[in-house]
Amino acid sequence: MNIPLIAGSVSTVLFASSMLPMLFKAVRTKDLASYSLSNITLTNIANAVHSFYVFDLPAGPVWLLHSFYVVTSALMLVWCLRYRKAPAETPATRGHLRPMPAAAMGRK
């Protein structure tokens, strides 16, 4: 093996390992509120476009790394949509669509 291939293999393992805690936490807690849906969507679009470039290169560590990114970002998008919580009702929005009682409008 030559130095660039070794470096690519090691960096692939390191980059993939750095994403695993995020994935494990998302699976375990199903709390994805801190993740931006628009960012995850754009990441998936970028990965799809970037795949045309990556898979035109000779097979190597970059294929593995990009494949890992494609799978993990797709999973995050699916989980973000699946486990998304409805906005919580706040005191300001509570009863917003209910008609006001006559007494509240100054009528008796």
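**Terms and their grounds**

Reply: Helix α1 covers residues 3-29, and I3 lies in this helix. Please note that the model is predicted.

Me: Why is I3 called exposed?

Reply: I3 has a relative accessibility of 66%. Exposed means over 50%, so I3 counts as exposed.

Me: What makes T12 buried?

Reply: T12, which also lies in helix α1, has a relative accessible area of 11%. The term buried requires a value under 20%; therefore T12 is buried.

Me: Which residues does T12 touch, not counting residues up to four places away in sequence?

Reply: On that count, T12 touches P61, L64 and L65. To touch here is to have heavy atoms within 4.5 Å.

Me: Which residues make the nonpolar surface patch?

Reply: The patch is made by I3, I6, V10 and L14, and has an area of about 400 Å².

Me: What share of the chain counts as buried, and what is the accessible surface?

Reply: Of the 108 residues, 19% count as buried. The accessible surface is about 8,300 Å², and carbon and sulfur atoms hold 69% of that surface.

Me: What share of the contacts with a separation of 6 or more joins residues 24 or more positions apart?

Reply: Such residues account for 73% of those contacts in the chain.

Terms used
Residues are numbered from 1 along each chain as its sequence is written. This is a predicted model: local features need pLDDT of at least 70, side-chain atom pairs count only at pLDDT 80 or more; totals for chains, interfaces and linings use all residues. Side-chain values use heavy atoms; hydrogens and water are left out. Buried means under 20% relative accessible area, exposed over 50%, partly exposed in between (1.4 Å probe, protein chains only). Accessible areas come from the Shrake-Rupley method with a 1.4 Å probe; for residues, only the protein chains shown count as cover. Patches are made of residues with over 30% relative accessible area and no salt bridge: like charges are joined within 9 Å, nonpolar side chains (Val, Leu, Ile, Met, Phe, Trp, Tyr) within 5 Å. A salt bridge is a side-chain nitrogen of Lys or Arg within 4 Å of a carboxyl oxygen of Asp or Glu. Helices (H or I, at least four residues) and strands (E, at least two) are DSSP runs, numbered from the N terminus.
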